[in-house]
Amino acid sequence: MSNYIAPIEEMRFVLNEVVGLEDLCKTTQSDPSTVDIIETILDAAGKLAKEEIEPINKSGDLEGIKINTAGEVATAKGFKEAYQHYVEGGWGSLQFGTEYGGQGIPFVVAASIQEMWHSANMSWGLCPLLTQGAVEAISHNASEELKRRYLPKLISGEWSGTMNLTEGDAGTDVGALKTRATPEKDHYLIRGQKIYITWGEHDMVKNIVHLVLARLPDAPKGVKGISLFLVPKFLVNDDGSLGERNDLKALSLEDKIGIHACPTCVMNYGEKGGAIGYLVGEKNKGMQCMFTMMNNARLTVGLQGVSIAERAYQQALSFCKERVQGVAPGHTEAGPIIRHPDVQRMLSTMKAITEASRALTYSACAEVDRTAGSLPNKKLELHNRRLGLLTPIVKGWCTEIAQEVASLSLQCHGGMGYIEETGIAQIFRDARILPIYEGTNGIQAMDLVGRKIIGDNGLGIKEMVSEMQEYTSQTSPSDTLSTAQLEFFEQSIKDLAGASTLVLDNSDNKNYSGAIAFDMLMMTGTISAAWQMVKSLEKAKIAFENKTISSDFFKEKNKTVKHFIDFILPRYVSHFISIKTASC
Ligand SMILES: Cc1cc2nc3c(=O)[nH]c(=O)nc-3n(C[C@H](O)[C@H](O)[C@H](O)COP(=O)(O)OP(=O)(O)OC[C@H]3O[C@@H](n4cnc5c(N)ncnc54)[C@H](O)[C@@H]3O)c2cc1C
């Protein structure tokens, strides 16, 4: 089984050349020294991922987690220690503002680091992922008092955070939730049961801060009657020390297909009368507050797709170089299977979609930085629209391609792929949750079509299409792509505009919107990923001329981008046909 090596050269290229980190730091008032220290940050994170987080991936999968009758959860061997080193290294605080102990580094850089955690060990990486979302929700919505009391230790990673939406009868339909919140003095008493709570209980931190959706006694029905509460495992005293144990516990752990080392808990609140919770944001506006957390988590789940794809690709490449089988065309003796054209087809496909998903995800993460900066209003609105548009695309498209890459990697291993020993089976199993949690991909697709395209009368998608068209009109075909490749890319942009028009023209027909939503998501994802790939090639050419990337890197990028345009971009056509056919 191969060990994970962080693709630092590629990450640095996407950050520096494609995203344009230097300009991003200037326009967002992020710490400008990031550009100078990016190499050091990536190297140090890559080392932690490789030496401490990856080695407990398989053992964690085999060992799993244990719960006792008191509801205490013990994580697999080595998890606590790796987490401690993560906290000591300050890795949790990278992208947060300095007010509560963050380091003020752009989110897109933190995202590249998180990509490493999830590649190395998805179960482990989910704990920081949820904590980061909780920090976002508290920072944007909670009172100053709650921020002061909870943010520093969440930002440092000494405490972890969770997200509690789901109940037995309230999954996608969050509005059906029944957990109650009763006002009492300066707080609320929370009673109810939540299911599937990721890292809901564990032994890696001293306190866990649960963000729980619940209903007030007089709340309106549905999503308009949901409020958000901060419910700590241990109450926090005025001096910041830990106080009494709150009335909440993990009742049981789910036995899952994958991410075996990640505790997915059934959580009981208020068995002894009520867990103490504090209102975050306004009453009955809990869904808006939770969306701060969910939007962040949707992007980072998309990022998990990139991570899993990278890991699966690395593992396939390493296996295909070693496994000897048969005589490939042009050879006289049996050799490694990487020589076979069909194996090369699988590897090239994996590499192209993995790199495209990274460029697409980082470009969306950079929008998070732009929207957090102090841009003039009109620009800020544009970047908010772009971020909103890209969020369901990144979550949906990148987690769908992760399934494909994990499956292709398994296929490259032949029979050994189906045997647990190689480790690719774990990657395949772990990956399967990605299109499900954080809102299924069907729901992401409907968010894209309903809220992000129809909801703003097509403004966001039209802006993106225009920007792509402007970009291609300025790109000289002979420089990078062939004329035929560039023309095909241009055609795909025209078709995306056509598909958006169809969606808008049929906006009153909910049946139509629902039926084509997934095709629209995959079509938009494929074309926007192609755009990032075309940009990557252009930037690679400039970087090569400026000697900031090697000739080998440039050659590889050239090959990979062309593979994407020739073999992956054409996939959008079948989605477009479905969108057109359904409108007839
Ligand atoms: C391992 C794991 C970890 C999780 N972690 C968390 C967590 O930390 N916190 C948390 O709150 N939740 C968590 N979840 C819950 C997860 O977000 C939900 O499972 C997911 O949102 C889907 O809800 P559901 O399971 O009830 O499926 P359902 O809502 O029953 O959906 C079943 C199918 O029907 C489709 N469907 C449902 N409604 C609609 C609709 N209106 N339109 C179109 N299609 C629809 C869905 O797309 C899906 O394909 C986790 C789940 C798992 C398995």
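Because E10 belongs to helix 1 (residues 8–19) and K557 to helix 17 (residues 551–568), the pair ties together parts that are 547 residues apart in sequence. Helices here are DSSP runs of H or I with at least four residues, numbered from the N terminus.

E10 counts as buried, at 8% relative accessibility, and K557 is buried as well, with a relative accessible area of 2%. In these descriptions, buried means under 20% relative accessible area, exposed means over 50%, and partly exposed lies in between, using a 1.4 Å probe and protein chains only.

## How the model is read

This is a predicted model, in which local features need pLDDT of at least 70 and side-chain atom pairs count only at pLDDT 80 or more, while totals for chains, interfaces and linings use all residues. Residues are numbered from 1 along each chain as its sequence is written, and side-chain values use heavy atoms, with hydrogens and water left out.

## Other salt bridges

A search of the whole structure finds 30 salt bridges. E10 and K557 also take part in a network of salt bridges, whose linked residues include E115, E310, K351 and E355.

Another pair is E404 and R571, whose closest N and O atoms are 2.7 Å apart. Since E404 lies in helix 11 (residues 377–412) and R571 in helix 18 (residues 571–583), this pair ties together parts that are 167 residues apart in sequence. E404 counts as partly exposed at 24% relative accessibility, and R571 counts as partly exposed at 32%.

## Helix 3 against helix 5

The axes of helix 3 (residues 34–53) and helix 5 (residues 79–88) come within 10 Å and cross at roughly 165 degrees; these axes are lines fitted to C-alpha atoms over the stretch in contact, and angles run from 0 to 180 degrees between N-to-C directions. The two helices are therefore roughly antiparallel to each other, a description used for angles over 145 degrees, whereas those under 35 count as roughly parallel, 65 to 115 as roughly perpendicular and the rest as oblique.

In this pairing, L48, E52 and I53 of helix 3 meet A82, H85 and Y86 of helix 5, where contact means heavy atoms within 4.5 Å. The residues of this contact divide into 4 nonpolar, 1 polar and 1 charged; Ala, Val, Leu, Ile, Met, Phe, Trp, Tyr, Cys and Pro count as nonpolar, Asp, Glu, Lys and Arg as charged, and the others, Gly among them, as polar.

Technical notes: A salt bridge is a side-chain nitrogen of Lys or Arg within 4 Å of a carboxyl oxygen of Asp or Glu.
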